[in-house]
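Please examine the structure shown below.

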Amino acid sequence: MTAMTQSPAGRARAEIDLGALRANVRTLRAHSSGAQLMAVVKSDAYGHGALPCAEAALEAGAGWIGTATPHEALALRAAGIGGPMLCWLWTPGGPWREAIEADIDVSVSGMWALREAADAARAAGRTARIQLKADTGLGRNGCQPADWPELVHAALAAPEVNVTGLWSHLACADEPGHPSIAAQLSVFQEMTAYAEKAGITPEVRHIANSPATLTLPESHYDLVRTGIAMYGVSPAPELGTARELGLRPVMTLSASVALVKQVPAGHGVSYGHHYVTGNETTLGLVPLGYGDGIPRHASGRGPVLVGGKVRTAAGRIAMDQFVVDLEGDTVEPGARAVLFGPGDDGEPTAEDWARAADTIAYEIVTRIGSRVPRVYVNERAEGPLDVNECSGDDE
């Protein structure tokens, strides 16, 4: 199957380097202590495009695909993605039967979900593949330790289901040394041991996310789940930059400058006039805004490479556009404005925008909207890609 390349638009584009994604998967597999790797492609692969990213990850050796919602998983199955797949964010009345018939593993965190999975399996006339999720301390989804025995024994007693996995999620793996990490791993060991002693023989046990894959080999078990790191974004500044972790950013976001004009000193720029020119200068109009996912919180701070220099968003970022002060420089309309990318040519990174918006880089890439076309490059796997070779930097 070949990933579809959307035609680039003149206004803006998000270039997705599938060669970099494959290289990141190989790097993460090398960190996984021999465990299988699940490529997490939830939320349209963190904004990168679920189908082409799933294909590229599988080509690079990922053994599993992970999604949040069942509809994400079903769409991938309909598009031809085979092999082991897990989806974990269920609500009552969800498409349990459709997922079971599509041979998708479904996560179960409580008795209501087990009942719905069993009922759907009975209606489908087949056995449901379920994975029991333990709440080891994150406090979101998952079964509390006090309720775990009931769920385990009920799953064992239900002939309609087969427990294929036991899993959990870490709260603070991106904070090395945080006391909750050891505590959660201890609880997970106790809960999996209980389930196995009761008679469950899981195919996979897993708790490691991207930061744990990179830093906590004791958490790797049978499977690691890699999301943000697969897209070349550091899971946390404390762990190092993407380059320091051997990862290459997959998305480059750019736009064509829509207008360049000269304005006098004292000229207000954008809503509220939070920026006023100090001198006669040139302004460039970048046709991207919060309607495309550019964070309004980065107004006055968001960095952009235009005309060979990194400029800053001048004034408020609007729904469809924002302005940069070119400080007297002149660029032609249609010149490329790069908001973020790998940093090879001095352009900002997603981490730079995260700092400007007081958020995390996960949000920066994931929120880029659907009216920005994704343009895929390096679609064909042609042997190993060395991250340092393609970065233009030996560091």
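Helix α7 (residues 148-157) packs against helix α8 (residues 179-198) at an angle of about 35°, and their axes lie 10 Å apart. Helices (H or I, at least four residues) and strands (E, at least two) are DSSP runs, numbered from the N terminus. The crossing of α7 past α8 is right-handed; a crossing bears that name if the near helix is turned clockwise from the far one by less than a right angle, and is left-handed if anticlockwise.

On the α7 side, the contact (heavy atoms within 4.5 Å) is made by Trp148, Pro149, Val152, His153 and Leu156, and on the α8 side by Met191, Tyr194, Ala195 and Ala198. Sorted by class, the contact of α7 with α8 holds eight nonpolar residues, one polar residue and no charged residues. In this scheme Ala, Val, Leu, Ile, Met, Phe, Trp, Tyr, Cys and Pro count as nonpolar, Asp, Glu, Lys and Arg as charged, and the others, Gly among them, as polar.

The model is predicted: local features need pLDDT of at least 70, side-chain atom pairs count only at pLDDT 80 or more, and totals for chains, interfaces and linings use all residues. Residues are numbered from 1 along each chain as its sequence is written, and side-chain values use heavy atoms, with hydrogens and water left out.

The secondary structure of the protein amounts to 12 helices and 19 strands. Its C-alpha trace spans about 80 × 45 × 40 Å along the principal axes. Of the contacts with a separation of 6 or more, 68% join residues 24 or more positions apart. Buried residues (under 20% relative accessible area, with exposed over 50% and partly exposed in between; 1.4 Å probe, protein chains only) make up 53% of the 395 residues.

Ser33 counts as exposed because its relative accessibility is 52%. For Asn378 the phi is about 55°, and its place is the loop between β19 (374-377) and α12 (387-391). Asn378 has 45% relative accessibility and therefore counts as partly exposed.

How values were computed. Axes fitted to C-alpha atoms, helices over the stretch in contact; angles between N-to-C directions.
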